[in-house]
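Hi,

Here is the structure I promised to pass on. Please load it first, then read my notes below.

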Amino acid sequence: MTGALLLVVVGGYGDAASFLLVHCFSGHVTGNTVLAAIALTSGGATRELLLAVFCFLGATAFAQRLRSSTDRPLGSSGFCYVLIAEIILLILSPYILGGQHRALFIAAMCLAFGLQNGVLSKADGIGLHSTYLTGTLTHLLSLLVQPVAAGAAATKFETRTLLFVWFAFVAGALCGGLMISNTGPKGIWGMPLLLIVVLAMSFFVPAAGSYDTE
C-alpha cells in the first residue's frame with residue numbers, strides 16, 4: 001500500500017503542477033472536458049484541452065493492456081516499464097515547456113499520468129485511482145453512510161485506507177503547488193524522485209504478486 005500512496009501523492013502533485021503551468025489537468029478527463037465545453041461555447045481554444053483528454057485516455061488504455069492480471073501489480077514487469085516511461089516523460093517535460101512547446105508539454109504530462117492511471121486500479125484488494133479523487137471519494141462516502149455489517153472490520157480498514165488516499169492526494173497537490181510556485185517548471189522534477197522510490201520498491205516484490213506492498 002505504501003507504493004500506491006506514493007503514486008497518489010504524485011497524482012495530486014501532477015494535477016496541481018499542470019494546472020498552474022498550462023491551465024489544464026494532467027491526471028483526469030472531467031476537468032478538461034468541462035473546460036473544453038466552456039471554451040467551445042465561449043469561442044475559446046479547445047485544441048490543447050482535447051489533446052489532454054485523448055492523450056490521457058490513450059495512455060490509460062495502453063497501460064491497462066500491460067497491467068498484471070493480479071490485483072497486486074507492483075512486482076510485475078509491466079508496472080516497472082510504465083513507471084520508467086512516466087519518469088522519462090516527467091524529466092523531459094520542463095525542457096519541452098521551456099522550448100515553448102505547450103502542446104507537447106501537455107501531451108507528455110497527460111501521457112505520463114494516463115500510464116499511471118491505467119497500470120494500477122487496486123491496492124491490497126481496495127479499488128482506487130492514483131491520479132484523481134472522484135471515484136475514491138464516492139466509494140468512501142458509500143462506506144461511511146452504509147449500515148454496520150458483519151464485515152465491519154474489513155469495512156473499517158477500507159474506510160481508513162481511502163481516507164489516507166484522500167490525504168495523500170491533497171498533500172501531493174499542496175506540494176505541487178508550492179514547488180511550481182517557487183521554482184517554476186523545474187518543480188516537476190519532484191515527481192520523478194517519488195516514482196524512483198516506488199520503482200525501487202517494486203524490485204523487492206515477487207513478480208507473481210504473492211503479496212503486495214503497494
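The model is predicted. Mean pLDDT over the protein chain is 86, and 88% of the residues reach 70 or more. Where pLDDT is low, the predicted coordinates should not be read in detail.

Fold. The chain has eight helices and two strands. Their order from the N terminus is α-α-α-α-α-β-β-α-α-α. Of contacts between residues at least 6 apart in sequence, 76% join residues at least 24 apart.

Of the 214 residues, 46% count as buried. The largest nonpolar core holds 47 residues; L90, F105, F113, I188 and M191 touch the most other members. Helices 1 (2-22), 3 (47-66), 4, 5 (102-119), 7 (152-183) and 8 (190-202) each give two or more residues to this core. Take F105: leaving out residues up to four places away in sequence, F105 touches L21, V22, S93, I96, L97 and I188.

Surface. The accessible surface is about 10,300 Å², with 71% belonging to carbon and sulfur atoms. Y81, I84, I88, I91, L92 and Y95 make a nonpolar patch of about 610 Å². Y81 sits in helix 4 (residues 77-98). Why does Y81 count as exposed? Its relative accessible area is 55%, and the cut-off is over 50%.

Best wishes

Definitions and conventions
Residues are numbered from 1 along each chain as its sequence is written. This is a predicted model: local features need pLDDT of at least 70, side-chain atom pairs count only at pLDDT 80 or more; totals for chains, interfaces and linings use all residues. Side-chain values use heavy atoms; hydrogens and water are left out. Patches are made of residues with over 30% relative accessible area and no salt bridge: like charges are joined within 9 Å, nonpolar side chains (Val, Leu, Ile, Met, Phe, Trp, Tyr) within 5 Å. Accessible areas come from the Shrake-Rupley method with a 1.4 Å probe; for residues, only the protein chains shown count as cover. A salt bridge is a side-chain nitrogen of Lys or Arg within 4 Å of a carboxyl oxygen of Asp or Glu. Helices (H or I, at least four residues) and strands (E, at least two) are DSSP runs, numbered from the N terminus. Buried means under 20% relative accessible area, exposed over 50%, partly exposed in between (1.4 Å probe, protein chains only). A nonpolar core is a set of buried Ala, Val, Leu, Ile, Met, Phe, Trp, Tyr and Cys residues joined through side-chain atoms within 4.5 Å. Contact means heavy atoms within 4.5 Å. pLDDT is the predictor's confidence in each residue, from 0 to 100.
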